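The following exercises concern the geometry and side-chain contacts of a single model.

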Amino acid sequence: LEIDTLGHTLFVDGEKVDLTAKEYDVLLYLANNKGIVLTRDKILNAVWGYDYFGEDRTVDWQIKLLRNKLGKYREMIHTIRGVGYKFDE
C-alpha cells in the first residue's frame, strides 16, 4: 500500500487505484494518525470541516468505499465499535 501525497494517488500492490477526493482525504487522515483511534466526529471535522451539518454516517460510507478499494489491505482500517476507526498495519 503506497500513498503518493504529491500525486494525490493510491497504489495497491503497484496498481493505481482511483479514489474520490474525499476517499483520498479520509485515507490520508487515517494514515497520518496511524495507531490512533479516531472518532467519527474527529474525522468529520478534519476532512469535511467544522461547518459540516450532514450525517456522521458519511464517514462510515467513505470507510466502506475505501475498504472495497484497498482489497486485501482492507483490514488495515479497524472499526472500534462504539468509538470510530483506527488505521494500523
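**Exercise 1. A loop residue and its surroundings**

N33 is located in the loop between α1 and β4 (38-39). The model to which this and the later exercises refer is predicted.

Task: Determine whether N33 is buried or exposed, and state how far its C-alpha atom is from that of D88.

Solution. 
- Step 1. The relative accessibility of N33 is 19%. Buried means under 20%, so N33 counts as buried.
- Step 2. N33 and D88 are 55 residues apart along the chain, and their C-alpha atoms are separated by 9.2 Å.
- Step 3. D88 has a relative accessible area of 25% and is therefore partly exposed. The side chain of D88 meets that of K86 in a salt bridge, at 3.8 Å from N to O.

**Exercise 2. The open sheet**

Task: Describe the order and pairing of the 3 strands in the open sheet, and identify which strands stand at the edges.

Solution. 
- Step 1. The strand order is β1-β2-β3, and the pairing is antiparallel.
- Step 2. The edge positions belong to β1 (2-4) and β3 (15-17); each has a single partner strand, so one side of each lacks a neighbour in the sheet.
- Step 3. From one strand to the next, the twist averages 35 degrees.
- Step 4. Between β1 and strand β2 (residues 9-12), which run antiparallel, there are 3 bridges. Within this part of the sheet, D4 stands opposite T9 in β2.
- Step 5. Helix α1 packs on the sheet and touches β1 and β2; the direction of α1 makes about 115 degrees with that of β1.
- Step 6. The antiparallel pairing of β2 with β3 also extends over 3 bridges, and F11 is found opposite K16 in β3.

**Exercise 3. The two hairpins**

Task: For the hairpin of β1 and β2 and the hairpin of β2 and β3, state how many residues lie between the strands and which turn residue has a positive phi.

Solution. 
- Step 1. In the hairpin of β1 and β2, 4 residues lie between the strands, and H8 in the turn has a positive phi of about 55 degrees.
- Step 2. In the hairpin of β2 and β3, 2 residues lie between the strands, and the turn residue D13 has a positive phi of about 50 degrees.

**Exercise 4. Packing of two helices**

Task: Classify the relative orientation of α1 and α3, and list the residues through which they meet.

Solution. 
- Step 1. Two packed helices are described by the angle between their axes and the distance between the axes.
- Step 2. For helix α1 (residues 21-32) and helix α3 (residues 57-70), the packing angle is about 85 degrees and the axes are 10 Å apart.
- Step 3. Angles of 65 to 115 degrees count as roughly perpendicular. The two helices, α1 and α3, are therefore roughly perpendicular to each other.
- Step 4. On the α1 side the contact involves K22, E23, V26, L27 and L30, which meet Q62, I63, L65, L66 and K69 in α3.
- Step 5. By class, the residues of this contact divide into 6 nonpolar, 1 polar and 3 charged.
- Step 6. Q62 belongs to helix α3 and, at 11% relative accessibility, counts as buried. Apart from neighbours within four places in sequence, Q62 is in contact with T20, K22, E23, V26 and W48.

**Exercise 5. Salt bridges across the chain**

Task: State how many salt bridges the model contains, then examine the pair of E23 with K69 and the pair of K72 with D13.

Solution. 
- Step 1. With a cut-off of 4 Å between side-chain nitrogen and carboxyl oxygen, the count comes to 4 salt bridges.
- Step 2. In the pair formed by E23 and K69, the closest N and O atoms are 2.7 Å apart. Because E23 lies in helix α1 and K69 in helix α3, the pair ties together parts that are 46 residues apart in sequence.
- Step 3. E23 counts as buried at 2% relative accessibility, whereas K69, at 31%, counts as partly exposed.
- Step 4. In the pair formed by K72 and D13, the closest N and O atoms are 3.2 Å apart. This pair links distant parts of the chain, 59 residues apart: K72 is in the loop between α3 and β5 (77-80), and D13 is in the loop between β2 and β3.
- Step 5. K72 is exposed, with a relative accessible area of 63%, while D13, at 48% relative accessibility, counts as partly exposed.

Key: Residues numbered from 1 in each chain as written. Predicted model: local features only at pLDDT ≥ 70, side-chain atom pairs only at ≥ 80, totals over all residues. Heavy atoms only, no water. Axes fitted to C-alpha atoms, helices over the stretch in contact; angles between N-to-C directions. Parallel < 35°, antiparallel > 145°, perpendicular 65-115°, else oblique. Contact = heavy atoms within 4.5 Å. Nonpolar A, V, L, I, M, F, W, Y, C, P; charged D, E, K, R; others polar. Pairing = 2+ DSSP bridges. Buried < 20%, exposed > 50% of the residue type's maximum accessible area, 1.4 Å probe, protein only.
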